[in-house]
Structures are given as structure tokens and as C-alpha cells.
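Colleague: Before we go through the model, I would like each term set against its cut-off.
Modeller: Ask away.

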Number of protein chains: 2
Amino acid sequence: MSLSRRFLILAEGSFGPLSSKTANACIRYIPDEVAAVLDSTSANAVVQDVLGFGGNIPIVATFADGMRYRPNALLIGIAPAGGQFPDAWRPIVLEALRAGLHVWSGLHTMLGDDPEFAALAAASGATIRDLRRAPPDLEVASGRVRDLNATVVLTVGTDCNIGKMTAQLQVQSSVGQLGHRVNFAATGQTGILVEGRGLAVDAVIADFVAGAAEALTIEAAEGADIVLVEGQGSLIHPAYSGVTLGLMHGALPHAMVLCAQPSRTTIHRNPWVPIPPLSDMIRLYEATMDALRPAPVIAIALNTFDLDDRAARAAIERVRLETGLPTTDPVRYEPLIIAEAIAAFHMERVSGAVDGMA
Amino acid sequence: MSLSRRFLILAEGSFGPLSSKTANACIRYIPDEVAAVLDSTSANAVVQDVLGFGGNIPIVATFADGMRYRPNALLIGIAPAGGQFPDAWRPIVLEALRAGLHVWSGLHTMLGDDPEFAALAAASGATIRDLRRAPPDLEVASGRVRDLNATVVLTVGTDCNIGKMTAQLQVQSSVGQLGHRVNFAATGQTGILVEGRGLAVDAVIADFVAGAAEALTIEAAEGADIVLVEGQGSLIHPAYSGVTLGLMHGALPHAMVLCAQPSRTTIHRNPWVPIPPLSDMIRLYEATMDALRPAPVIAIALNTFDLDDRAARAAIERVRLETGLPTTDPVRYEPLIIAEAIAAFHMERVSGAVDGMA
């Protein structure tokens, strides 16, 4: 299926490095499947101009312009807070369905349940794929994830929207190059889109978040020595911290990689919450795991996209000294430093030197 | 509406001090609305014999026997892990609806969505009330709960099913007697049943747990100096910790009351998770609040139902010395100790001595 996808990505009014997370991840990881980006406020540029990567993928001002690049699917590429479907996008989705395009969405609003969309899709033979739709057979977590032999590594963050998924995807191939069988467990709509499977843990009924995380970690561990679980939110995010902790306690990582953005001082869209020093964040993450499975933070992934090279390198060095942990920006520089920390932890653990088999 | 309720409580096979939480809370707080309890394995006893409270409320073996006590509603009084509806109860619910009884349920399974139940209810004029049904207009949390003047106090626990709701309900009238306007914010199906309003935060989509907690705290603060928010789960519960943290960060309590059961050493249904010392639990709860709103644990509520009087008093004294905090079993002994701690905290806070207005 993924070979045949060719997306027109809807990012109207919001295409940018921090404001169109789903769009940006597709452009970074599955660029061959991106036909064009629809944002009238950035049109006449190419993606590279806006994101600093993505090359010559065109940005178009209208749906009709986008159709010239022969997409076969419309992807909702931005996620408003709360994940609801803005009425302003309804005409574009209707236009896409009338043109026979499939529609992919990671919103909380289930587009497939909209009677008008469903009727149009049925008429044209298009499918509406809601990436956040929860499977019907979820169970509460039971701790059965402890039976896995694989080493489970979770990314955690000082904030949401800071690079937890990207860090894992960047590190994944380096861990493989070090000779380990490694799988990625997608926990959000964007990761699912890129990986082709997974489960959006923020979209399940709250009592089942940990159960969902447990189930998908077990699924991803099949045939793997190391499972890289995509993190969500932050333990100090006022809206999403519950998802973060449920994911932690369901996946039961053996180790964590902390993601941070040096230039960010307060929580995304919540300036009333200052982000504490990284050493405090490390202590908090480790403390909330202690009673279930002690799991150290073993590396730091920094997101330095908004710093110049000199400032980025200085920030990395400062954090490395503050935390005493391997630190890099795995997108901008070499992700191998983090991959090596994960591989070393895994080797110690399987040799019994780390008490992580419990 | 509540004056006219007369419940036959379904607790088949599970009526007991720890196994029928919803049933027990109704019997304790709204006994006049309980006609009988249905459990063939305890029949021929009265409620007092099984719970140690509840007086002469009869326990019956069959639905037909229960009808002799003229109920007008069937209440699902037990909650299996996961909150799904067991098929074995279907005949009883069908029988109740055919007899014209209303059906009240706190399960995750929405009984009102069952076509067979819905058709029978429509035919008989009965209503099906799903206490956990989430309102359709939830938003993500924004921190607007910080605008409240009321002092918000949340119960937290070493485990689920340990007495967090009961502690709040026991303390509520004592706080009132101390001269404060106090409201109870129900966050689970049982609290909603007792209080007549509230919102089941464990039954909303995970991204909206904190938003739901925020909304209901604001609603409960109307006309109150002090809001007692019903806690859920535990920060170390492997299945439900996400609900706990979402509730904490949505309600943003100024202070917390920690609930524990001295005889319990591991998490309910999860013997692989040992419960740490109370001082560690206090530190963990306070640490997870720090970045958003520092909130001290100001009292300890112990659940000593399974200890004799001497052992219960010894446990209370031991915890009081360990934590240095006011400690009691607010069900078995005088809840005033905890009410006084809450009132003193509130008075200090409004006089500006506690930095809790931020």
C-alpha cells in the first residue's frame, strides 16, 4: 500500500518547522510519497525554503493547483490543539473526495464517521483512513510486557512537539548498523503514517493508554533485540502528561532518551509552565519509573534547529557537561552517539550487568 | 431525580468490602435509595453481615426476589477490570428492562448503545444512564483552573480502590462544620452516582483527561471556598497512572491528601509492583506537581477496615510518626483531623502565608 501513496498534504496557514508536525515527518521520512503541500500562505516557495529540508517538493495555493502534481490521497498534515477538525477545511476535503482522492487523517475527529464524507467516499471508491482510530479490543495493562527479551527504549521529553519521534527514527538505522535487530513502535498518528503500523495512544480511552502501549510494544518486539518506542507529550505538560505516564508504565522501558530544545524555556502553548533544568527532568522521569521498573535516562537528544551551528554545538556541550550523558542533535549531526549509548546499554543488560531483566 | 431512585444493585458473585466499590458507596452514602443487593453467593444474609455497615438492606439470590423490594432501577454495582460488560449479566439487564426498571451503569461499555437494550428501554419508557459517558464538548487543559479563588484539595493514593472517594466524602461535612463552603468534585462513576453530578475522567479520550478534570473542578468551585476533588488510581498503578497524573495536572490542587491501606503491600491485581514507603510516595506526588503548581501532601487517610482496633490505632500512630502529618482513618474514626488540616491550609493560603495563589 505504501508504495502507491502519493500525498497532497493539507497544511493551510500553518506550514512551518514547528507548526506542521505530520507534514514535516512525511517530508523527512517518506518524501517520495509527497506530491505537494497545500498552504496558500507559503505558496510559490518550495518545501526546502520553509523547512530547511525537503528539496523541490512544491507548495501550492489551491487544491486545483495541487492536483497538477497527481496526488492520489489528501493527508491532513497539521494538528490543531485538541485535534478537532476545523470547519474551514471541510470544502477542501469535500473537493478531494469528489476528485476520488483517498483521505488520511491523524485528527481526533474521525473523518470516516462524518456522514457527508462517508457518502462521498462510498460513491467514489475512496477510503478514509483515520490514523488515530483505536482498535476495539483494547485491554488494561497487566505488566505482561515484562516477559519480553528485547530491550525497550522510550524517548521522553521536556515538552510535546520537541522531536521525540524524530530522534527515534534518526537513531533507528544507526542502531541497526551496530548489528542489532531494531524495530520502531509508533505511538502517534505521524509515526503510524511513517512506519505503516502502530497505535495512537493519545486517542484511546484513558483507562486503556497503558494497555495500548503494552500491546504495541509487544507487537513491535517481534523479531527485534531492541525496540525504540516513540514517546508522547511530557510529564510536565498540563494537558498531555497523563498520556506520557500511561505510555511509560505500559511500555515499561529499560532505558529512556530525553529530548529537549535548548531555546525553549516554557511549555508549548502554556507559557505559565517554565521548563525546569534537564537534571530535574531526568530525576522526575526516573522517579516515576522506579516503582515499576527502574529505567535510567541514558542519552540526551537536542533539537537545535533554531540555533546557528556554533550555538548548537555550544548547547550540546553545555548539556553534556550538565548531565554527564551522551548528547547530540540526531537530526542535524551524527545520531550514532545515541545509538551507541543504546547499544551499550543493551549489551550490558543482556550480559546481566544491568538489573533490567526483572 | 435522586429522591425517586430505588436501586436493586447487581453485584452477582462479587459483593464484598473490596470487590463491589460502587455498590458499597451507595450503601454507605445513599442507603435510603437502595432496595436490595443481588448476589446469589451472599443471599440470605443482610448487607451489614458482609460489609460491616449497611444495616438490614436485604441480599437476594434472584432478580425476581429483588423485585419484591420494589426497586425502580437496576444499578450495576461492580466493575470488572477494564470495565467491560460481562455477557453473563445480559439476561438480568434484559429482565430488568422488560420489567420497566431504569438501568444505571458505570462500566466503560455504554449500555445505552446496545441495540437490544436500547429497543427494550424505548418500548418500556425506561432510561439507561451510563455514568461514564463523556460529554461531547471536551477541550484540552489550558491552566484556566488557576483563575479560581477556591482552594483545591485532591486525594491521591498508593493504589487504586483504596478509599480516595470515601475519604473526601467523609471529610466533606467536617470541613463544612468548620465554617467553610465546601463542594465535592466527582471524577468517577461512583462519585457521580452519590453526588448527582461529575465527570468520569478515566472514560474520556486520553488527550482530554486533564481538560475534563479542569472543567469539573471549575464547575465544582462555584460557590465554594474549598473544592475536594475525588482522586483516581495511583501514580504507580501500571494500568491507571496516566489517569492519575492527568487528573492532577488538570485539577491543579493546592494540596493533596494521601490515601493508603496499611495491610496492602503490592498494587491491586498487580503483585509484581510493591508499594514503596509512604515518604517515597509523598515525594513522588509532590515532585510531579512541582513544575505546574507546588502542592504539598498535608494529611494521610488510612483505610484500616481489615485491622482490629488496636492494630488500626498502631498503624495510624506509626504513619503519623513516619510522615509527620495528621493521620487518621476517616471512615472508622473521626475525620475531623483531616478536615482541620485542610481548613488550616486554606486559611494560611488565603491569608497569603502559603504561596498557592500562583
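Colleague: What makes strand E10 (residues 255-260) and strand E13 (residues 297-302) of chain A a pair?
Modeller: Strands here are DSSP runs of E with at least two residues, helices are runs of H or I with at least four, and both are numbered from the N terminus. Two strands pair if DSSP finds at least two bridges between them. E10 and E13 of chain A have 5 bridges, in the parallel sense, so the pair meets that definition. A:Ala260 stands opposite A:Leu302 in E13(A).

Colleague: How reliable is the basis?
Modeller: This is a predicted model, in which local features need pLDDT of at least 70 and side-chain atom pairs count only at pLDDT 80 or more, while totals for chains, interfaces and linings use all residues. Residues are numbered from 1 along each chain as its sequence is written, and chains are lettered from A and ligands numbered from 1 in the order in which they are written.

Colleague: Why are E8 and E14 of chain A called edge strands?
Modeller: The open sheet of 6 strands runs E8-E9-E7-E10-E13-E14 in chain A, with parallel pairing. Strand E8 (182-185) and strand E14 (327-328) each pair on one side only.

Colleague: How do you know that the length of helix H12 (residues 336-350) of chain B agrees with its residue count?
Modeller: The expected span is 1.5 Å times one less than the number of residues. For the 15 residues of H12(B) that gives 21 Å, and the end C-alpha atoms are 21 Å apart, so the two agree.
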